[in-house]
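Welcome! Here are a few exercises to work through with the structure open beside you. Try each task before you read its solution.

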Amino acid sequence: MSERPRLAVIGAGPAGLVAALAAAARGVSVTLVDAAPEAGGQFYRQPAAGLGARRPSALHHQWRTWERLRDGLAAHVRAGRITHLTEHHVWCVEREAASFAVHALLGPEQEESVAVRADAVLLATGGYEKVLPFPGWTLPGVVTAGGAQAMLKSGLVLPGRTAVVAGTGPLLMPVAVGLAAAGAKVAALVESADPRAFARHARVLAAHPDKLAEGARYAAELARYGVRVHVRHTVVAAHGSDRLEAVTVAALDTDGRVREGSEWRVPCDSLAVGHGMLPHTDLAETLGCRLDGVNVAVDDEQRTDVPGVWAAGEATGIGGAALSLAEGRIAGLSIAARLDSRVPERSSYAVAAKARGGLREFFAVVDKVCTPPDRWVERVGDDTLVCRCEEVPAAAIREAVDELGAGDVRTVKLLTRAGMGWCQGRMCAPAVAGLAGCPPTASRRPFARPVPLGVLAREPDGPASRPDLL
Amino acid sequence: MSNSLTCDVVVVGAGMVGAATALYAARAGLSAVLVDRGPVAGGTTGSGEGNLLVSDKEPGPELELALLSGRLWADLAAEPGVGGSVEYEAKGGLVVASTPEGLAALEGLAAAQRSAGVRAASVGPDQLHDLEPYLAHGLAGGVLYPQDAQVMPTLAAARLVRLARTAGASLHTGRTVTDVLRTASGAVRGVRTPHGDIHAPAVVNAAGTWGGELAALAGVSLPVLPRRGFVLVTEPLPRRVRHKVYAADYVADVASDSAALQTSPVVEGTAAGPVLIGASRERVGFDRSFSLPVTRELAAGATRLFPFLAEVRAMRAYLGFRPYMPDHLPAVGPDARVPGLFHACGHEGAGIGLATGTGHVIAQVLAGKTPDLDLAPFRPDRFPRADAGADPDSAPAPVEGP
Ligand SMILES: Cc1cc2nc3c(=O)[nH]c(=O)nc-3n(C[C@H](O)[C@H](O)[C@H](O)COP(=O)(O)OP(=O)(O)OC[C@H]3O[C@@H](n4cnc5c(N)ncnc54)[C@H](O)[C@@H]3O)c2cc1C
Ligand SMILES: Cc1cc2nc3c(=O)[nH]c(=O)nc-3n(C[C@H](O)[C@H](O)[C@H](O)COP(=O)(O)OP(=O)(O)OC[C@H]3O[C@@H](n4cnc5c(N)ncnc54)[C@H](O)[C@@H]3O)c2cc1C
């Protein structure tokens, strides 16, 4: 054991960054591991790069937070308190006798693996986007909301292109604003939820004037760019021969049915679609951490039920960057105290805990209101691909359930191969569950990344003699 | 669903064995009801592999059941549309030995197997690569078993259930059997489920690893215990592994009584492209936790046999619990202790392969015929009562972490 306790933080998004800074400032030797080439995670990385100088005002506040985190990280790295490992894809975290081994594949090739040893692990792996299938969704030009941000970054969305943003959830507005700010024409923002449903949660909303103001600012930006917002509408199909040429938008009635005769076509060359986010739980599950629904379960200090393993940010539940920041701070303080055999004083994180409580409450409401429209399943045609990796159409899933006695996502997968491809069902599992009429369950993925058998076969080096890296 | 149902036979468990039993019973003209608490193939059948092997069995009752089952699998596969839908492949098995001593032991086994009706062809070290071009160099030799075949187990169970339904059987998933109903004289009269009773003069226990619990509901003991196994699945590849290939020490593992970790990688290509590598064998109870050391050994064994696999990626790993019995033979046939109760469980690592023969002989007995096999070695009441629970089921996992 080294003089300074060692913490491995997996994920350099808002949660992981804040936790790393908080722990490092209190004498913990931190290794920050992330698959991306730069720190920042989903939030700070993508829109920041894409929006460049034309940052909409709604993002200014977060931008200043990001600058503070980035500078703090640089200072700790210079001082040797944090080792930042970029382009390290963690494929498994292994519990050893008295420590953990974080196994990570290197670089874009992901052919070599290193093991980082630590006394404690923070899982700050964030979430990934959920997309439900509809006729035409596999056409080139149809991307996820996050994919649209990536297109901005790589300059693929050129000024003059026409985009539609559709689905449900709070990500749609920033994505639409981002596209418009980058010079694309956003022909429509199509949100299936009914904002009037928020009225039923007036008490919770009233407690979050900041969130309402944020929404209002995005709405103002959208208006300024002339983006038409259609609520209680959905994209029923995407059209095009080689690539996307248009989408059909339709109004939904209160039962989630398409209102007859309400359909119209919107010509466009890109469609950014998203139905919310799901937490990354693979590493946690393999460690044996308890899940609460699809989220990693944590206590008041962000500890999982596996000693030595903490989790923070969207891995423990989707709730935006501010919630991730609060949880990351609490985790960092708790880890520093616990590794020093102390109980953290609640007063040290009372502010963050209050913010966390309020934001969780707020996003629980968002989660209730922004659910995919009822009956989306009925609009998935038999020939619509559900699993893109293995090219499994909806008909095969329906047959597995109706004819072959499948009753859960796992047996549907085994009978149809849906979810067995490269993404291991991250993309299609919610759709498969919906089509099969069973609750979505987190599927077990012992390897968070595909790992070469030669790497897997090699014994990792023995227990660490040096503090951080082996 | 109505509250009560009457039929000739209730088969409990819609895994591979229950599926085959329902199929043969329905084809024998019996009205059969297949019940499972989960979906079809939600038990061990959905978490194992589909090797139909004769190569790993020593002469004796299990080999006879395997030979009968192999013929029945081939017959089923020849029915229109069946072979493809269950991904049946009569590809043959190639067992290799790395040392001359290992090869001598393997040749000895092959000779005994030949006299029991197994086809087995010796393969010299320089012929190995004609059969498997990507195999490692420097192996001592091997034996080719053309009767070894494979199916995709989940598809096989689901398709056989489908065929059984076509033949008149009915399927009830999501329905747990909570009791075995008996008459005043002790004979079986059906099963109880939360959705109502199902009445029948015969009940078949095809509950796999949970067969002991079902037997207990009928008031008898049956020592079925879990034996954990991990399987590694690679990314899809063009066909490079042509047979089922494994190292000769596998044979020792199957019959072994040691509770220690033993990995014996069978490497096989699948119709869909991925290569399967499995499986490990451990007695750790129903412990579902992932073990990196175990999968590491599987990977090491597979890359030793096929060096090219070192660059191939493992996409996932899964685990299952084989239903094993203390003497490694399944319980197949009527239970003399309870009239009307039949057992078809405890097939350990061979339940996919042995399912057809098992279902076939059970159906024969149900229909009042003489079974094609002598069922005496498989008698469910062959264990002294004390054996139940005497096995080191709760022994600590040999390779688990803290
Ligand atoms: C398009 C888009 C727009 C958004 N707009 C807003 C907005 O306007 N306001 C707002 O509050 N929120 C917004 N969000 C949400 C916000 O991005 C998240 O709430 C926030 O980033 C979550 O922070 P986190 O630290 O929990 O996880 P993340 O930021 O997701 O960071 C997780 C990190 O973990 C890394 N990681 C994951 N698994 C591994 C692994 N196995 N090995 C190595 N590294 C790994 C990832 O590379 C990533 O860097 C938006 C999200 C998206 C996708
Ligand atoms: C890793 C691994 C690899 C394997 N490889 C092979 C191989 O290559 N070849 C081979 O032949 N075999 C192999 N096996 C073994 C094979 O999978 C099993 O022997 C076989 O699946 C057993 O089938 P079964 O129908 O008896 O049991 P199961 O498939 O487990 O079916 C039993 C069913 O009974 C149901 N049930 C239990 N209790 C109740 C109740 N009270 N009420 C209602 N339903 C109930 C369960 O839900 C379950 O669906 C392997 C096993 C493992 C774990």
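A salt bridge is a side-chain nitrogen of Lys or Arg within 4 Å of a carboxyl oxygen of Asp or Glu. Keep in mind that you are looking at a predicted model.

**Exercise 1. Find the salt bridge that joins B:Arg162 to chain A, and check it against the cut-off.**

Step 1. Start at B:Arg162 and look for its partner, which is A:Glu403.

Step 2. The N to O distance between these side chains is 2.8 Å, and the cut-off is 4 Å, so the pair qualifies.

Step 3. Now widen the view: chain A and chain B share three salt bridges, and 15 residue pairs are in polar contact between them, both residues being at pLDDT 80 or more.

Step 4. On the side of chain A that touches chain B, the elements giving two or more residues include strand 4 (88-95), strand 5 (100-106) and helix 12 (409-416) of chain A. That side divides into 19 nonpolar, nine polar and 13 charged residues.

**Exercise 2. Describe how much of each chain takes part in the contact and how much area is buried.**

Step 1. Count the residues: 41 come from chain A and 41 from chain B.

Step 2. Turn to the area: the two chains bury about 3,400 Å² between them, with 60% of it on carbon and sulfur atoms.

Step 3. In chain A, the residues that lose the most area to chain B are A:Leu404, A:Phe447 and A:Leu453, together 19% of what that side buries.

**Exercise 3. In which sense does strand 23 of chain A pair with strand 18 of chain B, parallel or antiparallel?**

Step 1. Locate strand 23 (451-452) of chain A and strand 18 (residues 313-324) of chain B.

Step 2. The two pair in the antiparallel sense, over two bridges.

Step 3. For a landmark, find A:Val451, which stands opposite B:Ala314 in strand 18 of chain B.

Key: Residues are numbered from 1 along each chain as its sequence is written. Chains are lettered from A and ligands numbered from 1 in the order in which they are written. This is a predicted model: local features need pLDDT of at least 70, side-chain atom pairs count only at pLDDT 80 or more; totals for chains, interfaces and linings use all residues. Side-chain values use heavy atoms; hydrogens and water are left out. Contact means heavy atoms within 4.5 Å. Buried area is the accessible area (1.4 Å probe) that two parts lose on being put together, summed over both. A polar contact is a pair of N or O atoms within 3.5 Å; within protein, one must be able to donate a hydrogen and the other to accept it, and residues adjacent in sequence count only if both atoms are side-chain atoms. Helices (H or I, at least four residues) and strands (E, at least two) are DSSP runs, numbered from the N terminus. Ala, Val, Leu, Ile, Met, Phe, Trp, Tyr, Cys and Pro count as nonpolar, Asp, Glu, Lys and Arg as charged, and the others, Gly among them, as polar. Two strands pair if DSSP finds at least two bridges between them.
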